[in-house]
Amino acid sequence: MVARVLAGDVEAFALLVDRHHERMARSAYHLLGSEADAEEAVQDAFVRAFRALATYQDREQFGAWILRILVNRCRTRIVREKRREETAAEWLRETSASFEPPDHFAMQDELSHALALLPTEQREAVVLRYANELDYEEMSSITGAGISALKMRVKRGCERLRAILEASRAGS
Amino acid sequence: MQDPENYLPEPIRARLRAPVQISAGARARVMQRVREAARSSRVAQEPRGMVRPTILGALLAASFVVAIIAGDTGSGNGGEHRTLADTIAAHFAAAAAAAVPVDSAPSIDPKRMIAAADQTRQR
(Lines give C-alpha, C1' and ligand atoms only; values in the text may rest on other atoms or scores of the structure.)
Protein backbone atom coordinates (compact mmCIF):
# COMPACT_ATOMS: atom_id res chain seq x y z
CA MET A 1 0.00 0.00 0.00
CA VAL A 2 2.83 2.35 0.84
CA ALA A 3 4.38 1.62 -2.55
CA ARG A 4 1.05 2.42 -4.26
CA VAL A 5 0.81 5.76 -2.47
CA LEU A 6 4.41 6.58 -3.36
CA ALA A 7 3.61 5.76 -7.00
CA GLY A 8 0.99 8.52 -6.91
CA ASP A 9 -2.17 6.65 -5.84
CA VAL A 10 -3.30 8.99 -3.05
CA GLU A 11 -6.53 7.01 -2.49
CA ALA A 12 -4.51 3.95 -1.44
CA PHE A 13 -3.64 5.93 1.67
CA ALA A 14 -7.31 5.57 2.72
CA LEU A 15 -6.64 1.87 3.34
CA LEU A 16 -3.84 2.77 5.73
CA VAL A 17 -6.14 5.27 7.45
CA ASP A 18 -8.86 2.62 7.80
CA ARG A 19 -6.44 0.12 9.24
CA HIS A 20 -4.79 2.37 11.81
CA HIS A 21 -7.31 5.10 12.61
CA GLU A 22 -9.08 3.38 15.49
CA ARG A 23 -5.89 2.57 17.39
CA MET A 24 -4.52 6.06 16.76
CA ALA A 25 -7.77 7.66 17.97
CA ARG A 26 -7.75 5.56 21.14
CA SER A 27 -4.13 6.48 21.91
CA ALA A 28 -4.61 10.18 21.20
CA TYR A 29 -7.80 10.32 23.27
CA HIS A 30 -6.15 8.71 26.29
CA LEU A 31 -3.07 10.91 25.94
CA LEU A 32 -4.87 14.21 25.40
CA GLY A 33 -8.15 13.57 27.21
CA SER A 34 -10.31 15.38 24.69
CA GLU A 35 -12.04 14.15 21.56
CA ALA A 36 -11.43 17.37 19.64
CA ASP A 37 -7.70 17.44 20.46
CA ALA A 38 -7.43 13.74 19.68
CA GLU A 39 -9.02 14.19 16.26
CA GLU A 40 -6.68 17.05 15.39
CA ALA A 41 -3.62 15.15 16.57
CA VAL A 42 -4.62 12.08 14.56
CA GLN A 43 -5.20 14.18 11.43
CA ASP A 44 -1.83 15.90 11.87
CA ALA A 45 -0.10 12.57 12.32
CA PHE A 46 -1.62 11.08 9.16
CA VAL A 47 -0.83 14.16 7.08
CA ARG A 48 2.75 14.21 8.37
CA ALA A 49 3.09 10.52 7.65
CA PHE A 50 1.76 11.06 4.12
CA ARG A 51 4.26 13.85 3.49
CA ALA A 52 7.15 11.84 4.94
CA LEU A 53 6.16 8.54 3.33
CA ALA A 54 9.25 8.55 1.12
CA THR A 55 11.40 8.37 4.27
CA TYR A 56 9.47 5.39 5.68
CA GLN A 57 11.51 2.20 5.62
CA ASP A 58 9.97 -1.24 5.34
CA ARG A 59 12.08 -2.72 8.12
CA GLU A 60 9.78 -0.93 10.58
CA GLN A 61 6.06 -1.70 10.92
CA PHE A 62 3.94 1.10 9.44
CA GLY A 63 1.74 1.00 12.57
CA ALA A 64 4.70 1.60 14.87
CA TRP A 65 6.07 4.35 12.61
CA ILE A 66 2.83 6.30 12.49
CA LEU A 67 2.21 5.76 16.21
CA ARG A 68 5.59 7.37 16.88
CA ILE A 69 4.54 10.38 14.80
CA LEU A 70 1.28 10.56 16.76
CA VAL A 71 3.02 10.36 20.15
CA ASN A 72 5.29 13.24 19.10
CA ARG A 73 2.29 15.30 18.00
CA CYS A 74 0.59 14.64 21.35
CA ARG A 75 3.74 15.61 23.27
CA THR A 76 3.92 18.89 21.36
CA ARG A 77 0.26 19.59 22.10
CA ILE A 78 0.63 18.82 25.80
CA VAL A 79 3.66 21.13 26.13
CA ARG A 80 1.89 23.91 24.20
CA GLU A 81 -1.25 23.54 26.30
CA LYS A 82 0.77 23.66 29.53
CA ARG A 83 2.55 26.82 28.40
CA ARG A 84 -0.76 28.44 27.50
CA GLU A 85 -2.19 27.58 30.90
CA GLU A 86 0.88 28.96 32.68
CA THR A 87 0.68 32.20 30.72
CA ALA A 88 -3.02 32.52 31.49
CA ALA A 89 -2.40 31.79 35.18
CA GLU A 90 0.38 34.37 35.34
CA TRP A 91 -1.77 36.99 33.64
CA LEU A 92 -4.67 36.30 36.00
CA ARG A 93 -2.37 36.50 39.05
CA GLU A 94 -1.07 39.84 37.81
CA THR A 95 -4.58 41.14 37.41
CA SER A 96 -5.47 39.81 40.89
CA ALA A 97 -8.23 37.63 39.54
CA SER A 98 -8.97 34.29 41.12
CA PHE A 99 -7.61 31.42 39.06
CA GLU A 100 -8.93 27.96 38.45
CA PRO A 101 -6.74 25.98 36.05
CA PRO A 102 -8.49 25.69 32.65
CA ASP A 103 -10.03 22.32 32.21
CA HIS A 104 -8.41 21.32 28.91
CA PHE A 105 -9.06 17.70 29.57
CA ALA A 106 -12.68 17.02 28.88
CA MET A 107 -13.57 15.05 32.00
CA GLN A 108 -15.78 12.64 30.18
CA ASP A 109 -15.22 9.82 32.58
CA GLU A 110 -13.22 9.10 35.65
CA LEU A 111 -10.59 7.14 33.74
CA SER A 112 -9.68 10.00 31.42
CA HIS A 113 -9.73 12.31 34.44
CA ALA A 114 -7.34 10.00 36.30
CA LEU A 115 -5.07 9.64 33.25
CA ALA A 116 -4.93 13.41 32.92
CA LEU A 117 -3.58 13.63 36.45
CA LEU A 118 -0.58 11.41 35.66
CA PRO A 119 2.75 12.99 34.69
CA THR A 120 3.03 13.02 30.87
CA GLU A 121 5.73 10.33 30.68
CA GLN A 122 3.80 7.93 32.92
CA ARG A 123 0.55 8.56 31.04
CA GLU A 124 2.29 7.88 27.73
CA ALA A 125 3.81 4.64 29.06
CA VAL A 126 0.50 3.38 30.50
CA VAL A 127 -1.41 4.21 27.30
CA LEU A 128 1.13 2.53 25.02
CA ARG A 129 1.28 -0.52 27.27
CA TYR A 130 -2.43 -1.03 27.94
CA ALA A 131 -4.41 0.86 25.30
CA ASN A 132 -2.09 -0.24 22.48
CA GLU A 133 -0.96 -3.50 24.02
CA LEU A 134 2.66 -2.95 23.02
CA ASP A 135 5.63 -4.77 24.48
CA TYR A 136 8.48 -2.81 26.01
CA GLU A 137 10.71 -3.06 22.94
CA GLU A 138 8.02 -1.54 20.71
CA MET A 139 7.38 1.14 23.33
CA SER A 140 11.09 1.91 23.44
CA SER A 141 11.29 2.36 19.65
CA ILE A 142 8.28 4.69 19.74
CA THR A 143 9.20 6.83 22.74
CA GLY A 144 12.98 6.71 22.50
CA ALA A 145 13.14 5.80 26.21
CA GLY A 146 15.03 2.81 27.58
CA ILE A 147 13.20 -0.38 28.53
CA SER A 148 13.99 -0.19 32.25
CA ALA A 149 12.82 3.45 32.37
CA LEU A 150 9.60 2.46 30.62
CA LYS A 151 8.97 -0.41 33.04
CA MET A 152 9.39 2.02 35.93
CA ARG A 153 7.03 4.54 34.30
CA VAL A 154 4.37 1.87 33.73
CA LYS A 155 4.67 0.60 37.30
CA ARG A 156 4.50 4.06 38.87
CA GLY A 157 1.84 5.23 36.46
CA CYS A 158 -0.37 2.24 37.25
CA GLU A 159 0.09 2.68 41.00
CA ARG A 160 -0.85 6.30 40.73
CA LEU A 161 -3.77 5.59 38.42
CA ARG A 162 -5.20 3.02 40.83
CA ALA A 163 -4.74 5.37 43.79
CA ILE A 164 -6.51 8.22 41.95
CA LEU A 165 -9.40 5.97 40.91
CA GLU A 166 -9.79 4.56 44.42
CA ALA A 167 -9.73 8.04 45.94
CA SER A 168 -12.28 9.21 43.42
CA ARG A 169 -14.59 6.31 44.23
CA ALA A 170 -14.15 6.81 47.98
CA GLY A 171 -15.00 10.50 47.57
CA SER A 172 -18.13 9.98 45.49
CA MET B 1 -3.69 -9.36 26.80
CA GLN B 2 -2.20 -11.12 29.81
CA ASP B 3 -0.72 -8.75 32.34
CA PRO B 4 2.11 -10.64 34.04
CA GLU B 5 2.98 -7.46 35.90
CA ASN B 6 -0.50 -7.36 37.40
CA TYR B 7 -0.38 -3.59 37.77
CA LEU B 8 -3.96 -2.86 36.74
CA PRO B 9 -7.18 -4.79 37.32
CA GLU B 10 -8.79 -6.21 34.17
CA PRO B 11 -11.79 -3.83 34.15
CA ILE B 12 -9.47 -0.82 33.89
CA ARG B 13 -7.35 -2.49 31.21
CA ALA B 14 -10.50 -3.33 29.29
CA ARG B 15 -11.59 0.30 29.38
CA LEU B 16 -8.19 1.40 28.10
CA ARG B 17 -8.46 -1.09 25.22
CA ALA B 18 -12.04 -0.20 24.36
CA PRO B 19 -12.55 1.49 20.98
CA VAL B 20 -12.82 5.26 21.04
CA GLN B 21 -14.93 6.83 18.32
CA ILE B 22 -13.63 10.39 18.34
CA SER B 23 -16.32 11.75 16.04
CA ALA B 24 -18.39 10.82 13.05
CA GLY B 25 -16.61 11.34 9.75
CA ALA B 26 -13.17 11.61 11.37
CA ARG B 27 -11.62 9.22 8.85
CA ALA B 28 -13.13 11.09 5.93
CA ARG B 29 -11.69 14.33 7.31
CA VAL B 30 -8.24 12.73 7.53
CA MET B 31 -8.41 11.78 3.86
CA GLN B 32 -9.66 15.25 2.96
CA ARG B 33 -6.54 16.74 4.56
CA VAL B 34 -4.32 14.14 2.90
CA ARG B 35 -5.79 14.99 -0.52
CA GLU B 36 -5.17 18.70 0.15
CA ALA B 37 -1.58 17.90 1.13
CA ALA B 38 -1.15 15.86 -2.07
CA ARG B 39 -2.49 18.73 -4.18
CA SER B 40 -0.26 21.32 -2.53
CA SER B 41 2.82 19.13 -2.88
CA ARG B 42 2.09 18.70 -6.60
CA VAL B 43 1.75 22.47 -6.99
CA ALA B 44 5.01 23.00 -5.10
CA GLN B 45 6.86 20.75 -7.53
CA GLU B 46 5.96 23.04 -10.44
CA PRO B 47 7.77 26.36 -10.78
CA ARG B 48 5.55 29.27 -9.80
CA GLY B 49 5.83 32.84 -11.07
CA MET B 50 8.53 32.00 -13.58
CA VAL B 51 8.87 30.24 -16.90
CA ARG B 52 11.25 27.36 -17.21
CA PRO B 53 14.20 28.69 -19.19
CA THR B 54 14.74 27.06 -22.53
CA ILE B 55 18.21 26.38 -23.82
CA LEU B 56 17.82 29.12 -26.43
CA GLY B 57 16.64 31.58 -23.76
CA ALA B 58 19.57 30.74 -21.54
CA LEU B 59 22.01 31.27 -24.42
CA LEU B 60 20.43 34.62 -25.29
CA ALA B 61 20.59 35.77 -21.65
CA ALA B 62 24.21 34.67 -21.34
CA SER B 63 25.23 36.45 -24.55
CA PHE B 64 23.46 39.62 -23.40
CA VAL B 65 25.32 39.64 -20.08
CA VAL B 66 28.63 39.08 -21.87
CA ALA B 67 27.84 41.92 -24.25
CA ILE B 68 27.04 44.34 -21.39
CA ILE B 69 30.22 43.49 -19.53
CA ALA B 70 32.32 43.80 -22.64
CA GLY B 71 30.68 47.17 -23.38
CA ASP B 72 29.32 46.20 -26.78
CA THR B 73 25.84 47.53 -26.14
CA GLY B 74 24.52 51.01 -25.54
CA SER B 75 26.96 52.73 -27.88
CA GLY B 76 24.34 55.33 -28.59
CA ASN B 77 26.12 58.49 -27.44
CA GLY B 78 27.94 59.54 -30.56
CA GLY B 79 29.32 56.08 -31.17
CA GLU B 80 30.96 56.09 -27.74
CA HIS B 81 31.18 52.60 -26.13
CA ARG B 82 29.48 52.22 -22.74
CA THR B 83 30.87 49.78 -20.26
CA LEU B 84 28.91 48.19 -17.40
CA ALA B 85 30.33 50.82 -15.04
CA ASP B 86 29.01 53.58 -17.34
CA THR B 87 25.57 51.95 -17.38
CA ILE B 88 25.45 51.73 -13.58
CA ALA B 89 26.66 55.30 -13.15
CA ALA B 90 24.05 56.55 -15.63
CA HIS B 91 21.33 54.66 -13.78
CA PHE B 92 22.19 56.24 -10.44
CA ALA B 93 22.56 59.70 -11.98
CA ALA B 94 19.08 59.39 -13.51
CA ALA B 95 17.65 58.15 -10.20
CA ALA B 96 19.24 61.06 -8.31
CA ALA B 97 17.82 63.55 -10.80
CA ALA B 98 14.35 62.05 -10.47
CA ALA B 99 14.39 62.06 -6.65
CA VAL B 100 11.99 64.45 -4.92
CA PRO B 101 13.70 66.56 -2.29
CA VAL B 102 12.25 66.33 1.22
CA ASP B 103 12.27 69.57 3.16
CA SER B 104 11.17 68.24 6.56
CA ALA B 105 12.24 65.44 8.89
CA PRO B 106 9.97 62.35 8.84
CA SER B 107 7.33 62.59 11.57
CA ILE B 108 6.60 59.57 13.79
CA ASP B 109 3.16 59.06 15.23
CA PRO B 110 3.64 57.30 18.62
CA LYS B 111 0.09 55.84 18.55
CA ARG B 112 0.74 54.19 15.19
CA MET B 113 4.06 52.86 16.43
CA ILE B 114 2.42 51.23 19.47
CA ALA B 115 -0.37 49.78 17.32
CA ALA B 116 2.20 48.32 14.92
CA ALA B 117 4.19 46.85 17.81
CA ASP B 118 1.04 45.24 19.23
CA GLN B 119 0.19 43.76 15.86
CA THR B 120 3.63 42.24 15.36
CA ARG B 121 3.66 40.86 18.91
CA GLN B 122 0.48 38.94 18.19
CA ARG B 123 1.99 37.25 15.15
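A residue is termed buried if 20 or more other C-beta atoms lie within 10 Å of its own, exposed if 12 or fewer do, and partly exposed in between, with C-beta atoms placed from the backbone. The structure shown is a predicted model, in which local features need pLDDT of at least 70 and side-chain atom pairs count only at pLDDT 80 or more, whereas totals for chains, interfaces and linings use all residues. Residues are numbered from 1 along each chain as its sequence is written, and chains are lettered from A, with ligands numbered from 1, in the order in which they are written.

**View 1. Chain B and its helices.** Of the 123 residues of chain B, 4% count as buried. The secondary structure of chain B consists of 5 helices and 0 strands, where helices (H or I, at least four residues) and strands (E, at least two) are DSSP runs numbered from the N terminus. Along the sequence, the pattern of chain B reads α-α-α-α-α.

**View 2. Helix α4 of chain B.** The 15 residues of α4(B), residues 84-98, should span 21 Å at 1.5 Å a residue, and the end C-alpha atoms are 21 Å apart, in agreement. The expected span is 1.5 Å times one less than the number of residues. The number of buried residues in α4(B) is 0, so this helix lies largely in the open.

**View 3. The side of chain B that touches chain A.** Contact is found between 23 residues of chain B and 28 residues of chain A, two residues being in contact if their C-beta atoms, placed from the backbone, lie within 7 Å. On this side of chain B, α1 (10-17) and α2 each supply at least two residues. The most comes from α2(B), with 11 residues. By class, the residues of this side comprise 14 nonpolar, 2 polar and 7 charged; Ala, Val, Leu, Ile, Met, Phe, Trp, Tyr, Cys and Pro count as nonpolar, Asp, Glu, Lys and Arg as charged, and the others, Gly among them, as polar.

**View 4. The largest nonpolar core.** This core has 44 residues, and Ala28(A), Val42(A) and Leu70(A) have the most contacts inside it. Its largest share, 9 residues, comes from α2(A). A nonpolar core is a set of buried Ala, Val, Leu, Ile, Met, Phe, Trp, Tyr and Cys residues joined through C-beta atoms within 7 Å. Not counting residues up to four places away in sequence, Leu70(A) touches Met24(A), Ser27(A), Ala28(A), Ala41(A), Val42(A) and Ala45(A).

**View 5. Asp109(A) in its loop.** Asp109(A) is placed in the loop between α4 and α5 of chain A. Asp109(A) counts as exposed, with 10 C-beta neighbours inside 10 Å.
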